[in-house]
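Here is a short briefing on one model.

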Amino acid sequence: DYDVRQQAMEEAQLRELPLRVVRTTHPGGMQADSAVDESLVNWARRYPGIDIRVVHTDQLLRYVVAHESSIRSVVLGAEHHKEVAQLVELTRSRAPLDASPSVLVIRGQHL
């Protein structure tokens with residue numbers, strides 16, 4: 001989604017963080033992967049200096065939990081209700097001073 005990617009790029013630039021585009025695996029993903037790769041090349045031109053990589057996982061929450069010590073922020077679209085709820089619950093279950101990532105939910109204007 002355009003709005004989610006733009007906000008993620010702006011957050012990465014503002015916070016001087018690397019950006020990981022997390023792709024969940026699903027059947028027929030080859031065409032989708034090439035479209036994402038092409039889109040990211042265009043975004044990288046607009047936001048030079050950001051370390052952008054695509055990572056693949058079977059489940060977003062599993063990836064976040066496995067890498068939570070290095071994740072500072074998670075940006076996703078509002079249409080991902082299940083993942084939003086899981087991430088919010090994950091951050092709420094941590095102690096206040098834990099390094100839980102912030103969760104930024106984007107409701108796209110280009111829908």
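Asp-3, Val-4, Ala-8, Met-9, Glu-11 and Ala-12 are buried in H1. Buried means under 20% relative accessible area, exposed over 50%, and partly exposed in between, with a 1.4 Å probe and protein chains only. The model is predicted: local features need pLDDT of at least 70, side-chain atom pairs count only at pLDDT 80 or more, and totals for chains, interfaces and linings use all residues. Residues are numbered from 1 along each chain as its sequence is written, and side-chain values use heavy atoms, without hydrogens and water.

**Helix H1**
- Helices (H or I, at least four residues) and strands (E, at least two) are DSSP runs, numbered from the N terminus.
- Just after H1, Glu-16 has a positive phi of about 55°.

**Aromatic pairs**
- There are two aromatic pairs in the structure.
- Tyr-2 and Trp-43 make a tilted pair, 5.2 Å centre to centre with 50° between the planes.
- This pair joins Tyr-2 in H1 (residues 2-15) to Trp-43 in helix H2 (residues 29-46), 41 residues apart.
- Rings of Phe, Tyr and Trp (its six-membered ring) pair if their centres lie within 6.5 Å; planes under 30 degrees apart are stacked, over 60 edge-to-face, the rest tilted.
- Tyr-2 is partly exposed at 36% relative accessible area, while Trp-43 is buried at 5%.
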